[in-house]
Amino acid sequence: MIQTPEPASGIEPPEDAEFRAEVREWLAENLNGRFRELRGLGGPGREHEAFEERLEWDRALAAAGLTCLGWPKEWGGRDATLRQQVIFHEEYAKADAPSRVSHLGEELLGPTVIAFGTEEQKKRFLPGIRNVTELWCQGYSEPGAGSDLAAVTTSAQLEGDEWVINGQKIWTSLAHLSDWCFVVARTEKGSTRHHGLSYLLVPMKQPGVEVRPIIQLTGTAEFNEVFFDNARTAADLVVGQPGDGWKVAMGTLTFERGISTVGQQIRYARELADLEAVARENGAIENPVLADRFDKAWVGLRVLRAHVLRTLESGHDGASVDARTAAGQASVTKLLWANWHRGLGELAMDVLGAPGLIADGPGDDLNAWQRMFLFTRADTIYGGSNEVQRNIISERVLGLPREARP
């Protein structure tokens, strides 16, 4: 199990030790109470599990002051230090607490509004995110711009005191359950690439918005298509200035690949340990090739953790980090965890062998390893494909010649 690196003295500062004890005790008490059955539920490919119960859990966390920890106190946060935020995510993962349903609002949109939004936007939206009374989805990818955000064609035109939005988004996680969507749209006619984009906050529950589920390999449908047909949002619900959408969107992506990945690594470490137990039970660990792959997986997790902690310490505020540095750090992080997790899914199938071809989960459904294997095929695609991440690193960070384009 990966642990938080201790200070040089080997003693955790009193305020951090006190915070760790608070989080650990609250989780122990509540996960052994009315939320006991939620342990381990949710997560990628399993977002359908006990959604209403997990929503209630998130609201219980909010009531206990355990949401939006890094936010300023004036907006309902705790001004928690970076180390304390790491502590929370680690303790949360160690407790096998359920996957959060408010991730997109709390860890993406909220910090973006704090960094780039107006005072009126902060007053309107931050309390609903903090208390988990409004849920958010992310309107970035499109059928012709899956990983190339600068190629979006969804348009928004200002008509009077409203933006009128037309276009299509795809791979929109939890759109069918969300109240609002933060949408990157083209607001300047004739603009191309990074220019002329704006970052709009759009209500989902209106006649001009249609959500269609996308059935995945796992048989579930957490992703959706979203169609905007003269959908509307208020003129003042643009974050940043009109035309600054690219800068704001990049800030959001920096937050997305930030501190929550620490807890992600704890979950990955648990998966790796559980898979090793399976390999020892069925004898697969005796295969030297598989044993070597387990060793390499463990090393890969340590590399991922070292990179994340180093980049977090160098600055995780999307509004202040140099854009080139932030892009490179975020892209490296995405490449590291996506490839590692996809590799774990492949290792799981090799450990299971021929029995892994048989669906032997409840009701002849997929078992946990099969579901993970199938869903991790998407890890290197969603959130920016491997190819796009490498182009960002090579062109925007290293300054290498651009890839040939039509």
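Good morning. I begin with Glu222, which sits in the loop joining β6 (209-213) to β7 (224-234). Please bear in mind that this is a predicted model.

Is Glu222 buried or exposed? Its relative accessibility is 9%, so Glu222 is classed as buried. Its surroundings include Gly43, Pro44, Gly45, Arg46 and Glu47, and also Thr172, Ser173, Leu174 and His176, with Gln216 and Phe375 among the contacts as well. For Ser173, the C-alpha atoms lie 5.5 Å from that of Glu222, although 49 residues separate the two in sequence.

I turn now to the salt bridges, of which the structure holds 23. One of them pairs Glu91 with Arg20, with 2.7 Å between the closest N and O atoms. This pair connects distant parts of the chain, since Glu91 belongs to helix α3 (residues 82-94) and Arg20 to helix α1 (residues 14-30), 71 residues apart. Both partners are buried: Glu91 has a relative accessible area of 4%, and Arg20 one of 10%.

A further salt bridge joins Glu346 and Arg377, at 2.8 Å between the closest N and O atoms. Here, too, distant parts of the chain are linked: Glu346 lies in helix α9 (residues 323-352), and Arg377 in the loop between α10 (368-376) and α11 (386-397), 31 residues away. Glu346 is partly exposed at 31% relative accessibility, and Arg377 is partly exposed with a relative accessible area of 31%.

Finally, Arg402 and Glu395 form a salt bridge at 4.0 Å, N to O. Arg402 is exposed at 57%, whereas Glu395 is buried at 15%. As for shared partners, salt bridges connect Arg20, Arg24, Glu91 and Lys94 in one network.

Note on methods:
Residues numbered from 1 in each chain as written. Predicted model: local features only at pLDDT ≥ 70, side-chain atom pairs only at ≥ 80, totals over all residues. Heavy atoms only, no water. Helix = DSSP H or I, 4+ residues; strand = E, 2+ residues; numbered from the N terminus. Buried < 20%, exposed > 50% of the residue type's maximum accessible area, 1.4 Å probe, protein only. Contact = heavy atoms within 4.5 Å. Salt bridge = Lys/Arg side-chain N within 4 Å of Asp/Glu carboxyl O. Lists of a residue's contacts leave out its neighbours within four places in sequence.
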